[in-house]
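Subject: Structure handover

Hello,

I am passing the structure below on to you. My notes on charge, backbone and aromatic rings follow it.

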Amino acid sequence: MIFDEAARAQGLLAAQAKAEELFDAIVEHRLVRAGRSEVEVSKDIHVLARDVLGAARYWHARIVRAGVNTLLPYDQSASVRVIEADDIVFCDLGPIFEEWEADFGRTFVLGDDPDKLRLREDLSCLWDSGRRHFEQDPEITGEQLYGFMEAQAHEAGWELGAGFSGHLVGQFPHDMVPPPDDIHSYIARGSDQPMRRLDETGRTCHWILEVHLVDRQRRFGGFREELLDLGGAA
């Protein structure tokens, strides 16, 4: 079967551009602020995405986490928390635009805590470093990229908050859904196949790179994710 790979790439990039617009709107409408619960913010994001950008569906649950809850990875539930004046908050969203999946995450810092501000800056730096490392090695595996991200996090004084640093992404309903028992769908230990490859149906694999940094002693973390192999030099 022949696939229109250019159209697939264009669809994913267009969905991500819409997700970036959504995060800009979240800032513009001041949805993330002290005194609001994580659930309230999540519900308002849903309404904003639907009314402004036409996204009524999500391919994974909307994640809004504040304070100590930012230590937890995606698959761990947490008690609902109210955002405090000096909190750190991250949003991990998977909206669907024109049947294409976006997976986009950013971190917000309320107040002027220097450690939390440094974490937010390091999230961007480590993500960019991960993309450069990916671009420089045409044969890189998911395991190798994960090892690089882990080493970079430790060098910066943080830990990775999850056992993986990204996953496959595609067209809804999940032409490349990453099943939890398929390690090769993740950027993780044991993912020993080249990331630049075709899947079992002959389609190009496209990847999300995510960085979840945590400081367990000071009990906070942060998160950033977006498309890895599209939109850059790779």
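On the surface, a patch of negative charge is formed by E20, E21, D24 and E28. The model is a predicted one.

Two backbone angles may interest you. R30 has a positive phi, near 55°, although the residue is not glycine. R30 sits in the loop between α1 and α2 (38-53). With a relative accessibility of 52%, R30 also counts as exposed. R219 is another non-glycine residue with positive phi, in this case near 65°. The loop that holds R219 runs between β8 (207-215) and β9 (220-227).

Now the rings. A pair of aromatic rings is described by the distance of the centres and the angle of the planes. There are five aromatic pairs in the structure. In one of them, F23 and F108 have ring centres 6.4 Å apart and planes at 5°. The pair therefore counts as stacked, since the limit for stacking is under 30 degrees. Through ring pairs, F23, F104 and F108 are linked into a cluster.

Regards

How values were computed:
Residues numbered from 1 in each chain as written. Predicted model: local features only at pLDDT ≥ 70, side-chain atom pairs only at ≥ 80, totals over all residues. Heavy atoms only, no water. Patch = residues over 30% accessible without salt bridge, like charges linked within 9 Å, V, L, I, M, F, W, Y side chains within 5 Å. Areas by Shrake-Rupley, 256 points an atom, 1.4 Å probe, with all protein chains shown as cover. Salt bridge = Lys/Arg side-chain N within 4 Å of Asp/Glu carboxyl O. Lys, Arg positive; Asp, Glu negative; His and termini not counted. Charge placed at Lys NZ, Arg CZ, Asp CG, Glu CD. Helix = DSSP H or I, 4+ residues; strand = E, 2+ residues; numbered from the N terminus. Buried < 20%, exposed > 50% of the residue type's maximum accessible area, 1.4 Å probe, protein only. Phe/Tyr/Trp six-rings, centres within 6.5 Å; stacked < 30°, edge-to-face > 60°.
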